[in-house]
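Hello,

I am handing over the structure below, followed by notes on what was found in it. Please read the notes with the structure open.

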Amino acid sequence: MFEPKLWTKPTNTKWLVKEISQYLDWIIKKEIFDGEINIFLTNAKFVYDSSARKREGNFFGPFDKSIIPSLYFPLGDIFRTISRRGKENAVCDWLQYLTLFLYDYVDWQEDREFNSELNNDLADKMIYEYIDFNKISFESEDRRKKENRKRAKNKEKKKEKKRRHMKRIGKEFLKK
């Protein structure tokens with residue numbers, strides 16, 4: 001049985017922690033993974049690996065298999081990703097990245113060489129399955145953006161119309 005233990009901080013974004021928790025619950029029900037893992041969510045933009053390089057996440061699998069492995073996952077860049085890609089896309093990207101590390105965990109369990117390309121493909125498939133399961137719609141974000149752009153455009157048109165009207169009224173008063 002898969003038993004992920006999620007370690008959060010009070011300052012973590014609540015809705016994102018909830019999304020990650022729901023996703024982990026879905027993974028547990030799917031029974032794809034096995035064993036225990038600690039998942040630490042930080043508010044940093046990156047974490048350091050064992051070589052002191054900045055990473056967007058880090059899996060630590062100790063040589064002693066009796067020690068519970070850990071996954072360090074930074075959430076600090078989520079708002080920049082949301083502003084660029086939209087909330088649904090950003091969350092799915094981050095969950096896909098988390099899943100990639102979980103497949104690294106499977107490689108560690110089975111003493112295999114980490115295969116990033118294969119793990120990335122497996123993580124993509126799992127995210128698409130999760131999207132179908134949760135009926136996540138990416139159109140709503142796009143529609144909202146279009147509506148906001150349209151409103152802003154209409155607002156500019158109204159301002160321009162009012163400015164022209166006030167200019168015309170001003171000239172009429174000067175003539176009298």
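Tyrosine 23 and tryptophan 26 are both part of helix H1, three residues apart, about one turn of the helix. Helices here are DSSP runs of H or I with at least four residues, strands are E runs of at least two, and both are numbered from the N terminus. Tyrosine 23 is buried at 0% relative accessibility, and tryptophan 26 is buried at 7%. (Buried means under 20% relative accessible area, exposed over 50%, and partly exposed in between, with a 1.4 Å probe and protein chains only.)

Before the rest, the basis of the model. It is predicted: local features need pLDDT of at least 70 and side-chain atom pairs count only at pLDDT 80 or more, while totals for chains, interfaces and linings use all residues. Residues are numbered from 1 along each chain as its sequence is written, and side-chain values use heavy atoms, with hydrogens and water left out.

The average pLDDT (the predictor's confidence in each residue, from 0 to 100) is 80 for the protein, and 89% of the residues score at least 70.

Core

The largest nonpolar core has 36 residues, and Tyr23 and Ile27 have the most contacts inside it. Such a core is a set of buried Ala, Val, Leu, Ile, Met, Phe, Trp, Tyr and Cys residues joined through side-chain atoms within 4.5 Å. H3 gives the largest share of this core, 13 residues. Apart from its neighbours within four places in sequence, tyrosine 23 is in contact (heavy atoms within 4.5 Å) with Leu95, Leu98, Thr99, Met126, Ile127 and Tyr130.

Aromatic pairs

There are 13 aromatic pairs. Rings of Phe, Tyr and Trp (its six-membered ring) pair if their centres lie within 6.5 Å; planes under 30 degrees apart are stacked, over 60 edge-to-face, and the rest tilted. Tyrosine 23 and tryptophan 26 are a stacked pair, 5.9 Å centre to centre with 25° between the planes.

Where do phenylalanine 33 and tyrosine 103 lie? Phenylalanine 33 is in the loop between H1 and E2 and tyrosine 103 is in helix H3, so their pair ties together parts that are 70 residues apart in sequence. Phenylalanine 33 is buried at 4% relative accessibility, as is tyrosine 103 at 11%. Ring pairs link Phe2, Phe33, Tyr103, Tyr105 and Trp108 into a cluster.

Charged side chains

Side chains of opposite charge can pair when their charged atoms come close. The count is six salt bridges, each a side-chain nitrogen of Lys or Arg within 4 Å of a carboxyl oxygen of Asp or Glu. One of them joins aspartate 111 and lysine 65 at 3.0 Å, N to O. This pair links distant parts of the chain, 46 residues apart: aspartate 111 is in the loop between helix H3 (87-109) and helix H4 (116-134), and lysine 65 in the loop between strand E5 (58-60) and strand E6 (70-74). Aspartate 111 is exposed at 62%, whereas lysine 65 is partly exposed at 37%.

The charged end of lysine 65 also sits over the ring of tryptophan 108, 4.1 Å from its centre. (This requires NZ of Lys or CZ of Arg within 6 Å of the ring centre and within 35 degrees of the ring normal.)

Arginine 112 and glutamate 110 form another salt bridge, at 2.7 Å between the closest N and O atoms. Asp107, Glu110 and Arg112 are linked in a salt-bridge network.

Regards
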